[in-house]
Amino acid sequence: MSEYLNQHCLHSHGAGQLDASSIGTEVTLTGWVDHRRDHGGLIFVDLRDRSGIAQVVFDPQQLTAELFTLGETMRPEWVVKVSGKVRPRPEGTVNPNMPTGAVEVLLDKVEVLNSAKTPPFPISDHIETDELNRLHWRYLDIRRPAVRRGLLLRSQLTSAIRRALEARGFIDVETPILGRSTPEGARDFLVPSRTNHGEFYALPQSPQLYKQLLMIAGLERYYQIARCFRDEDLRADRQPEFTQLDVEMSFVDDNDVMSLIEEVMAEVFCDLGFELKLPLQRMSYAEAMSRYGNDRPDTRFGLELQDVSGIVGSSGFKVFAQAVAAGGQVKAINAKGAGDLSRGEIDKIAAVATDHGAKGMAWIAFTSGGEAKSPIVKFFSTEEFAALKAALDVEDGDLVLFAADQPDTVATVLSAVRLYLADLLQLPRVGHQVLWVVDFPMFSFDEEAGRLQANHHPFTRIKDEDLDKLESDPLSCGSYSYDMVMDGFEVGGGTLRNHRSEMQLAVLKALGFSEDQAQEQFGFLLDALSFGAPPHGGVAFGIDRLAMLLGGYSSIRDVIAFPKTSSGADPMTGAPSAVEPKQLREAGIRLA
């Protein structure tokens with residue numbers, strides 16, 4: 001690809017492409033002034049372009065006074081074109097930290113293509129400026145190598161995905177951006193229709209229904225790098241608009257989908273310089289929740305949850321006994337080597353627990369001196385205490401932390417505590433760990449809404465062996481579902497779909513839709529399923545999140561060219577913004 005960057009343009013080489021093999025070559029470079037250094041007789045300019053940085057030398061013995069004066073007046077971020085001969089740097093001046101550090105360009109021509117104001121922050125990595133300022137001047141921020149690397153990696157990622165899928169018979173199909181609002185989970189972004197006052201399009205949360213229709217249409221293998229939109233609260237790995245790899249296959253079971261997708265991902269990882277060992281581990285949802293407290297476990301470190309209900313459930317400690325008696329559980333984490341933490345540090349861990357729903361946090365600190373320090377030790381018999389230590393593999397210097405409540409609360413609390421401890425104890429998390437979490441429950445109960453909700457989406461296929469429980473015991477129904485988890489993040493997820501109209505209608509009824517409501521919202525899908533829909537399933541991957549993890553970034557904003565802030569705003573353009581009254585009138589909208 002690099003050779004194409006030098007065709008049909010003003011330069012002959014990229015600044016970052018020069019090396020020892022370039023010595024003696026006449027080159028023309030274009031780019032931005034990164035730094036200028038005046039060494040009293042010689043002027044050195046670091047010229048930056050997309051490929052890297054090259055050192056250019058202004059020598060008054062080789063230049064006219066006018067050109068040398070131009071070098072003296074140059075400032076950072078000026079856009080220039082220079083020509084000269086590549087030569088080795090003098091002995092003792094080689095920079096081993098630069099890819100081009102062994103050579104420099106002795107300049108004989110220079111042209112200023114544009115001057116520049118002083119930027120609001122230095123165009124370099126490790127700058128000390130807040131993110132809001134960076135986003136306000138995002139086009140300058142992108143000039144920084146770290147940001148540019150993220151965008152280049154993202155481009156390489158999507159290119160590798162396309163190659164791998166198309167080699168396996170998938171075809172790229174675009175689906176509509178303006179569609180119908182359907183209740184699929186998150187809140188829709190709505191777009192008023194000017195020609196149909198009072199009616200709205202919805203921006204797609206995903207191409208879910210369209211890709212199923214493409215399977216019914218007989219395409220068999222579809223993919224799309226799709227733009228998706230969800231009007232929901234934001235965080236470091238979430239944006240209101242995001243990019244998704246969308247994949248669907250016909251005549252498959254769940255093993256077919258997972259096996260093919262992990263082959264694709266292994267090939268993609270390899271193209272980007274990472275190894276993904278196959279086959280990937282498959283962990284059931286139940287096991288993930290039991291061992292880690294969440295369905296996207298970071299398995300690169302231990303601190304697993306241990307159920308000690310059978311040991312402490314009948315102890316003299318009423319908090320534990322009452323929780324077990326009420327149908328709950330007591331689980332614990334043994335934080336190896338944390339037994340000598342101060343009481344203040346333990347209180348901070350307890351605060352994490354209460355922030356995530358715990359009524360409090362019991363603990364036992366086993367000091368390096370062999371002492372068990374805790375207000376709850378006195379409530380255990382000698383036998384119970386010995387059994388507890390054995391079950392948790394307790395040694396001197398360990399800290400045991402407990403949660404006692406209903407299983408969902410215990411899982412939420414200890415999952416948060418586990419992640420906090422990993423940071424506190426600086427546990428190593430080296431490399432990438434990728435696995436499948438499979439066999440999610442089909443439904444969960446939404447306490448606030450007072451009804452069932454689909455764990456993935458309403459179009460997921462229920463396990464064949466659980467079909468007879470759909471009406472009598474829907475919460476016990478499993479599903480053909482699978483999430484790909486990487487380093488504690490869900491990077492992809494999918495399911496097999498309902499390919500029979502009557503089964504799709506039964507699921508919608510279980511979710512509280514009447515038959516009329518189901519026809520109103522999803523009649524087009526129910527009709528399509530009745531015309532010979534093949535068994536089908538698929539998966540969707542978050543491109544932003546995958547690029548973030550592969551690039552070692554802490555936020556997906558670092559791999560998006562023009563991201564929004566946590567409030568959904570664009571500081572650079574000022575979006576969202578008010579619109580002209582005429583525009584509202586044309587759309588038939590009056591502001592409250």
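Predicted model: local features only at pLDDT ≥ 70, side-chain atom pairs only at ≥ 80, totals over all residues.
## Two cis peptide bonds

Pro-279 sits in the loop that runs between H6 and strand E11 (281-284). The peptide bond that joins Leu-278 to Pro-279 is cis, and its omega is about -5°.

Where can you find another cis bond? Look from Ala-575 to Pro-576, where omega is near -5°. Pro-576 belongs to the loop between helix H15 (543-551) and helix H16 (581-587).

## Two residues with positive phi

Now turn to the backbone angle phi. Phe-251 is not a glycine, yet its phi is positive, at about 55°. You will find Phe-251 in the loop between strand E10 (241-250) and H6. Is Phe-251 buried or exposed? Its relative accessibility is 56%, so Phe-251 counts as exposed, since the exposed class is for values over 50%.

Leu-303 also has a positive phi of about 55°, and Leu-303 is not a glycine either. Its place is the loop between H7 and strand E12 (306-307). Leu-303 has 11% relative accessibility and therefore counts as buried, because buried means under 20%.

## Salt bridges across the chain

Side chains of opposite charge can pair when their charged atoms come close. How many salt bridges does a search of the whole structure find? The search finds 39.

One of them is between the side chains of Glu-267 and Arg-168, at 3.0 Å from N to O. This pair ties together distant parts of the chain, for the two residues are 99 residues apart. Glu-267 is in helix H6 (residues 254-271), while Arg-168 is in the loop between helix H4 (145-166) and strand E6 (171-172). Glu-267 is partly exposed at 31% relative accessibility, and Arg-168 is partly exposed at 21%.

A second example joins the side chains of Glu-520 and Arg-180, with an N to O distance of 3.3 Å. Here the partners are 340 residues apart in the chain: Glu-520 is in helix H14 (residues 515-529), and Arg-180 is in the loop between E6 and strand E7 (190-192). Glu-520 has 52% relative accessibility, so Glu-520 counts as exposed. Arg-180, with a relative accessible area of 45%, is partly exposed.

Which residue forms a salt bridge with Glu-287? The partner is Arg-291, and the closest N and O atoms of the pair are 2.5 Å apart. Both residues lie in helix H7 (residues 285-292), where four residues, or about one turn of the helix, separate Glu-287 from Arg-291. Glu-287 is partly exposed, with 30% relative accessible area, and Arg-291 is partly exposed too, at 23% relative accessibility.

Salt bridges can also be followed through a group of residues. Asp-125, Arg-134, Arg-138, Asp-141, Arg-144, Arg-149 and Asp-558 are linked in a network of them.

## The second largest pocket

The second largest pocket holds about 340 Å³ of space. Its lining is made of 22 residues, and the closest to the centre are Val-319, Phe-320, Lys-359, Gly-360 and Ala-404. Which elements give two or more residues to this lining? They are helix H9 (318-325), strand E16 (399-405) and helix H12 (407-424).

Sorted by class, the lining of the second largest pocket contains 15 nonpolar residues, five polar ones and two charged ones.

## A nonpolar patch on the surface

On the surface, Ile-177, Leu-178 and Tyr-201 form a nonpolar patch. Together the three residues have about 250 Å² of accessible area. Tyr-201 is in strand E8 (residues 200-202). With 32% relative accessibility, Tyr-201 counts as partly exposed, and patch residues need over 30%, so Tyr-201 passes that cut-off.

## A pair of residues far apart

Thr-64 is partly exposed, at 46% relative accessible area. Thr-64 and Ser-476 are separated by 412 residues in sequence, and by 84 Å in space from C-alpha to C-alpha.

Conventions
Residues numbered from 1 in each chain as written. Heavy atoms only, no water. Patch = residues over 30% accessible without salt bridge, like charges linked within 9 Å, V, L, I, M, F, W, Y side chains within 5 Å. Areas by Shrake-Rupley, 256 points an atom, 1.4 Å probe, with all protein chains shown as cover. Salt bridge = Lys/Arg side-chain N within 4 Å of Asp/Glu carboxyl O. Buried < 20%, exposed > 50% of the residue type's maximum accessible area, 1.4 Å probe, protein only. 1 Å grid on protein atoms, 1.4 Å probe; cavity = no way out; pocket = protein on both sides within 12 Å on 5 of 7 lines; lining within 4 Å. Points joined across faces, edges and corners; volume = space filled by probe spheres on them. Nonpolar A, V, L, I, M, F, W, Y, C, P; charged D, E, K, R; others polar.
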